[in-house]
Amino acid sequence: TQSTWEVEEDEPTDLMSALKDVLKQSRRIDGLAVGLHQATKALDKRTAHFCILAEDCSEVAYTRLVESLCAEHGIDLIKIPEKKKLGEWVGLGSYDKGGNLKKVVGCSCCVVKDYGERQGKALEMILEHFQK
């Protein structure tokens with residue numbers, strides 16, 4: 001028989017679903033730095049494990065700053081296509097009473113400062129991605 005923990009756990013099938021899982025866990029334990037100000041502080045202090053940057057960020061200086069801080073401090077960077085999707089993953093969405101997503105605020109950048117104790121396959125997939 002399977003324990004309830006194993007039944008609830010969904011195995012990520014690709015990098016984006018693994019990233020979503022890791023962000024969800026990190027958000028639960030207050031391990032995220034969201035937005036340019038918090039992210040640059042975490043990158044500059046080198047408390048970041050990795051950084052996520054939205055490709056559809058319209059501000060070129062913003063993108064260059066985050067990319068250069070990551071390169072300067074040797075912090076891994078993942079780019080995702082949409083800032084609205086990143087905003088949803090880091091908890092910047094509002095939901096109605098039925099649990100359906102009503103509105104999402106875009107997030108161009110976030111940093112994972114703490115993974116949490118138990119990550120499993122999702123974190124392994126992301127770390128393998130950085131090894132390539």
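**Exercise 1.** In this predicted model, the crossing of helices α2 and α6 is left-handed; describe how these two helices pack, beginning with the angle between α2 and α6 and the distance between their axes.

*Solution.* Two packed helices are described by the angle between their axes and by the distance between those axes. Helix α2 covers residues 15-28 and helix α6 covers residues 121-131, and the two pack at an angle of about 120 degrees with their axes 8 Å apart. Angles from 65 to 115 degrees count as roughly perpendicular and those over 145 as roughly antiparallel, and α2 and α6 are therefore oblique to each other.

The next step is to find the residues that make this contact: α2 contributes L15, A18, L19, D21 and V22, while α6 contributes A122, L123, M125, I126 and H129. Sorted by class, the contact of α2 with α6 has eight nonpolar residues, one polar and one charged.

**Exercise 2.** Determine how helices α3 and α4 are oriented to each other, and which residues of α3 meet which residues of α4.

*Solution.* Begin with the axes of α3 (residues 36-45) and α4 (residues 60-73), which come within 9 Å and cross at roughly 20 degrees. Angles under 35 degrees count as roughly parallel, and α3 and α4 are therefore roughly parallel to each other. The handedness of the crossing of α3 and α4 is left-handed.

Turning to the contact itself, L36, T40, L43 and D44 in α3 meet Y62, L65, V66, L69, C70 and H73 in α4. The residues of this contact of α3 with α4 divide into seven nonpolar, two polar and one charged.

Definitions and conventions
Residues numbered from 1 in each chain as written. Predicted model: local features only at pLDDT ≥ 70, side-chain atom pairs only at ≥ 80, totals over all residues. Heavy atoms only, no water. Axes fitted to C-alpha atoms, helices over the stretch in contact; angles between N-to-C directions. Helix = DSSP H or I, 4+ residues; strand = E, 2+ residues; numbered from the N terminus. Left-handed = near helix turned anticlockwise from the far one by under 90°. Contact = heavy atoms within 4.5 Å. Nonpolar A, V, L, I, M, F, W, Y, C, P; charged D, E, K, R; others polar.
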